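My entries follow in the order I looked things up.

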Amino acid sequence: MDLNIVDLSRLQFGLTALYHFLFVPLTIGLAVLLAIMETVYVMTGRPIWRDMTQFWGGLFGINFAMGVATGIVMEFQFGMNWSYYSHYVGDVFGAPLAIEGLMAFFLEASFVGLFFFGWDRLSKLGHLAVTWAVALGTNLSALWILIANGWMQNPVGAAFNPQTMRMEVTDFYAVLTNPVAQAKFVHTVSAGYTMASLFVLGVSAWYVLRGRHTELAKRSMTVAASFGLAAALSVAVLGDESGYLSTEHQKMKLASIEAMWETEPAPAAFTAFGFPDQKARETHFAVHIPGVMGLIGTRSLNTKILGIDDLVKHAEMNIRVGISAYDALQKIRDPATDAAAREVATAIFEKNGGAMGYALLLKRYVDDPRQATAEQVAQAAHDTIPPVAPLFWSFRAMVGLGIFFIVLTGTFFVLSARRKLDAHPWLLRVAVWAIPLPWVAAECGWVVAELGRQPWVIEGVLPTAVAVSSLGAGTVLATIVAFVALYTVLFVIEMKLLLKAIRKGPQSHPALPSSPPPVRNPRTAAI
């Protein structure tokens, strides 16, 4: 097998996924913020809240269009670059994607048009219902996509069929309620809410610094700070849940994130800083915080977290069990196998079939895993270690930025409560410069989630190296160059449109005849 094809296909999908993920979280978060702002407009009748909804809605529309354009390409890649993956798990993986398109995306796309063109054609309540439908659609899209992705991390509710040579659904409810998928969903959408809040906060701070649209900007900052603080705290709590689940379902990912080479006595320490050296199997200049990793990973003080070295030994044992399952599968499918031998092979496969994916790790080195040498088995077991240094630093960058987001949104929440949002210009500048940081955190989180699963495309079931299509390296490389060029153009267009809309600013609308009289209560006059 030409491993260059594997690396190039991974690079292509990684680049397109990272680029697509620039738009998705902002779309998810802005949709909910729009619904909140329009709800206040309907409740108060104050035109400024309609102006806010329409202004931020315009930025949402630009981002939504780019997200759709970049997401379509990824679906085609499953069939073009990952054809064996599509064949092997398509019956399971395809179902959530199909439901996402039929239920969530159609709902979202249909009501987006009504949101933009229905302001003067629908009643206030009717348009508010449309806006909430858009928000619901964006979140449902994330739900079904992350159910599919969560199954890749923890493949429950499915079993391998030796007759069809495919994974098939055995319990769709288990797929839906997969704990990894549910944790990923709430964690990801909370991150999207945080990203949108900091985007609104930063742009509004820019307006306040320049003395433009200050009333609208301050109200936007109030909503963003309140919603963003709740979201940022949720990200931290739900991220902790993801770490706890990794202890059970993705032990190697957790050990690699911590650069934990050896199993430590419980409770394990958290490595706050260090320089992981994968070749030497040690972390240079490590700074440990005793007991913290044990609490995060096991929520106890007496449960061990296995280190990388012990997990490699377990992987080698699984590979040897998987070889027996692979041998039994070949006998089951061989027409020359008599009934008695087939019955014995079936029993062996039913017992050991769950480890057959580990035998497929040997496909990198030998066509028939049964012919693998002891050295090849040891090398395949060593391959279960993902790149440690990128995981180590991506996780710490994500966590560090998450703490900063809590502090920043909390600070502006307090300033908003005290009606002093413009009291500290340096804080406003911090908010402006912080606009790109949620994207950095989100991409780091994506790297941790997906790179940490390697060498598996389906955890413990299908190695990445055997999931690719039989394509030429030149073909894949040419498409990478084309995608990079196209996406660069799209990114430039996106940034120009967003900056143009922000510089132009919101349009004001006069009060409607049906609007209530101005509020006299000083406590509510700022709403």
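**Helix pair.** I started with helix α11 (residues 308–333) and helix α12 (residues 339–352), whose axes come within 8 Å and cross at roughly 145°. I noted the crossing of α11 and α12 as left-handed. From α11, the contact takes in V321, S324, A325, A328, L329, K331, I332 and R333. From α12, R342, A345, T346, I348, F349 and N352 take part. I keep in mind that this is a predicted model.

**Salt bridges.** I counted next and got twelve salt bridges. Side chains of opposite charge can pair when their charged atoms come close.

Which residue pairs with D309? I found R281, with the closest N and O atoms 2.3 Å apart. This pair links distant parts of the chain, 28 residues apart: D309 sits in helix α11 and R281 in the loop between β3 and β4. D309 is partly exposed because its relative accessibility is 24%, between the 20% and 50% limits. R281 also counts as partly exposed, at 26%.

I stayed on helix α11 for the pair R320 and E316, which lie four residues apart, about one turn of the helix. Their salt bridge has its closest N and O atoms 3.4 Å apart. R320 is partly exposed with a relative accessible area of 42%. E316 is partly exposed too, at 25%.

Then I checked R453 and E450. Their side chains meet in a salt bridge at 2.5 Å, N to O. Are these two residues buried or exposed? Both R453 and E450 are buried. I also logged a network: D327, K331, D368 and R370 are joined by salt bridges that share partners. K331 had already turned up in the α11 contact with α12.

**Backbone.** I looked for cis peptide bonds. The bond from A266 to P267 is cis, with omega near -5°. P267 is in the loop between α9 (251–257) and β3. Another cis bond joins Q454 and P455, with omega about 15°. P455 belongs to the loop between α17 (437–451) and β5 (456–458).

Positive phi came next. M165 is not a glycine, yet its phi is about 60°. I placed M165 in the loop between β1 (158–161) and β2 (166–169). Its relative accessible area is 21%, so M165 is partly exposed. H213, also not a glycine, has a positive phi of about 50°. H213 lies in the loop between α7 (179–209) and α8 (214–249). H213 is partly exposed at 28%.

**L107.** I picked this residue in helix α4 (residues 83–117). What does L107 touch beyond its neighbours within four places in sequence? The contacts are A133, L136, G137 and L140. I also took the C-alpha separation from L107 to T138: 8.7 Å, for residues 31 apart along the chain.

**Surface.** Last, I looked up a nonpolar patch of about 510 Å². F273, F275, F285, V287 and W393 make this patch. Strands β3 (270–277) and β4 (282–289) each supply at least two of its residues. I checked F285, in strand β4. Its relative accessible area is 68%, over the 50% limit, so F285 is exposed.

Definitions and conventions: Residues numbered from 1 in each chain as written. Predicted model: local features only at pLDDT ≥ 70, side-chain atom pairs only at ≥ 80, totals over all residues. Heavy atoms only, no water. Patch = residues over 30% accessible without salt bridge, like charges linked within 9 Å, V, L, I, M, F, W, Y side chains within 5 Å. Areas by Shrake-Rupley, 256 points an atom, 1.4 Å probe, with all protein chains shown as cover. Salt bridge = Lys/Arg side-chain N within 4 Å of Asp/Glu carboxyl O. Buried < 20%, exposed > 50% of the residue type's maximum accessible area, 1.4 Å probe, protein only. Axes fitted to C-alpha atoms, helices over the stretch in contact; angles between N-to-C directions. Left-handed = near helix turned anticlockwise from the far one by under 90°. Contact = heavy atoms within 4.5 Å.
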